[in-house]
Amino acid sequence: MTDTSQINKKAIFAIFLIHFIGDFFQSFIRPLLPVMADKFDLSLAQVGMITGIATFMAFLIQPIFGYLADRYKTRVVLLVGSFAGAICIPMVGVVPYFWMVLLLIGLGSVSSAIYHPTAAGMVSLYAGRRTGLAMSLFGLGGTLGFTLGPLVCTGYVTLMGMDRLPFLTLLGVLVFAVLFIMIPASNGSGHAQKDFFGSLKESIGKVWKPVVLIWSIACSRAFVEQALLTFIPVLTAAEGHSLVSVGSILSLFTVGGSVSALVCGHLVDRIGFKPIYFFSFALSSPSLLLFIQAAGWQLYPLAFMSGFLLLATLFPAVALAQKVAPEGRSLVSSIVMGLALGISGLLMPLTGKVADVFGIRTVLNLVAFIPLAVVLLIRYLPEPGDKV
């Protein structure tokens, strides 16, 4: 029987590791955008299509897998789902046609839709009284994957070439073997007699207003994140930065998010969620504006600071949603995290089309003001224990 008062360190580490390896391979997509844009002579709209398909397949369909994770035992599905990305995404290095790139990225990104809500829903089972910290440790696995992935990918491609990228799948095989032994099984309880809409109604029917508010704020933050991660690589590469430099900028952005995941995950257990939200959204806009305008060495510290501020509420938002709707942990996690990022991804081709007309920097400057505009909504967020 799971001790509900103490954090299960082994289980949390296993979930951390599965998040790390899954996002490690997912992180290959964006730093390789300049290479793929050059190889296939892509417009910015087509670049946006790559990340649009990736985020659509990785996140927009997450609620379906969140529902299944709450209903069934998911150990095997979780492992197979996380491994699919390790197979498909490195294969983009050898395919000759753009449509094949889209197909492989789409298939590889489905794995993210499987393991994100499944693993996130398992966190609170083993977190004891430290839900905020445990959720941030889970998030740290993903942000570390997105930190190391671009560095490994760009360094490897620079030294070995795109055609040898599939060899990195061997790393996924090794971690898969370790996880097969370590990863705990979900109890699969909650909605065994409910269909998807019945489960949705039971999980969030009485608390749909705060869940929609949390999701709306998360969606605005996700759109800013996706726009930056899609077009900053293309912009910096066009201005003369090497592929390794592009990967380093993306890694520093996610390193900042990793640090804030730990700091803010600890703080929300002590001071609540609203102060963290105000801090993150109020300061993100000025930091992003400086980052977008920067050149040379200034890009690196500003990438870290922008990631720290913008990603500070990524996993606290999931923890807050789970506290508001505890009967559907995986489902509500997939809504707040997956659906928000999925919708943001769908907007990337359109954002790229606008950038084709007005320029990348102009569009990103406008996007940077979104967090500041959202500050007005934060006062209405619930705190655990409030009546909703």
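This is a predicted model: local features need pLDDT of at least 70, side-chain atom pairs count only at pLDDT 80 or more; totals for chains, interfaces and linings use all residues.
Biologist: Let's go to the largest nonpolar core, then; which residues touch the most other members?

Modeller: That core has 113 residues, and those touching the most other members are I50, L165, I214, L228 and Y277. The helix that gives the most to this core is α10, spanning residues 208-238, with 16 residues.

Biologist: Take I50 from that list; what does I50 touch, leaving out residues up to four places away in sequence?

Modeller: With those neighbours not counted, I50 touches I29, L33, M36, L42, F98, L102 and I105.

Biologist: Back to α10 for a moment: how do the axes of α10 and α11 cross?

Modeller: Two packed helices are described by the angle between their axes and the distance between the axes. Here the axes of α10 and helix α11, which covers residues 243-271, come within 9 Å and cross at roughly 150 degrees, and the crossing in which α10 passes α11 is right-handed.

Biologist: Which residues make the contact?

Modeller: On the α10 side the contact is made by L228, L229, I232, P233, T236 and A237, while α11 contributes V246, I249, L250 and F253. L228 is also one of the residues that touch the most other members of the largest nonpolar core.

Biologist: Switching to rings, how many aromatic pairs does the structure hold?

Modeller: The structure holds 8 aromatic pairs. Among them is the pair of F24 and F25, which is edge-to-face, with 5.2 Å centre to centre and 90 degrees between the planes.

Biologist: And why is the pair of F25 and F28 tilted?

Modeller: The ring centres of F25 and F28 are 5.4 Å apart and their planes stand at 55 degrees, so the pair is tilted; the reasoning is that planes under 30 degrees apart count as stacked and those over 60 as edge-to-face, with the rest tilted.

Biologist: Which residues form one aromatic cluster with F20?

Modeller: F20 forms one aromatic cluster with F24, F25 and F28. F24 is buried, with a relative accessible area of 3%, F25 is buried at 1%, and F28 likewise counts as buried at 1% relative accessibility.

Biologist: New topic: where does A58 sit, and is A58 buried or exposed?

Modeller: A58 has its place in helix α3, residues 44-60, and A58 is buried, with a relative accessible area of 1%. Setting aside residues up to four places away in sequence, A58 touches S109, S112 and A113, and the C-alpha atoms of A58 and A113 are 4.5 Å apart although the two residues are 55 apart in sequence.

Biologist: What about V357, buried or exposed?

Modeller: V357 is exposed, with a relative accessible area of 60%, and its place is in helix α16, residues 348-358. V357 and L44 are 313 residues apart along the chain, and their C-alpha atoms are separated by 9.7 Å.

Terms used
Residues are numbered from 1 along each chain as its sequence is written. Side-chain values use heavy atoms; hydrogens and water are left out. Rings of Phe, Tyr and Trp (its six-membered ring) pair if their centres lie within 6.5 Å; planes under 30 degrees apart count as stacked, over 60 as edge-to-face and the rest as tilted. Buried means under 20% relative accessible area, exposed over 50%, partly exposed in between (1.4 Å probe, protein chains only). A nonpolar core is a set of buried Ala, Val, Leu, Ile, Met, Phe, Trp, Tyr and Cys residues joined through side-chain atoms within 4.5 Å. Helices (H or I, at least four residues) and strands (E, at least two) are DSSP runs, numbered from the N terminus. Contact means heavy atoms within 4.5 Å. Axes are lines fitted to C-alpha atoms, for helices over the stretch in contact, and angles run from 0 to 180 degrees between N-to-C directions. A crossing is left-handed if the near helix is turned anticlockwise from the far one by less than a right angle, and right-handed if clockwise.
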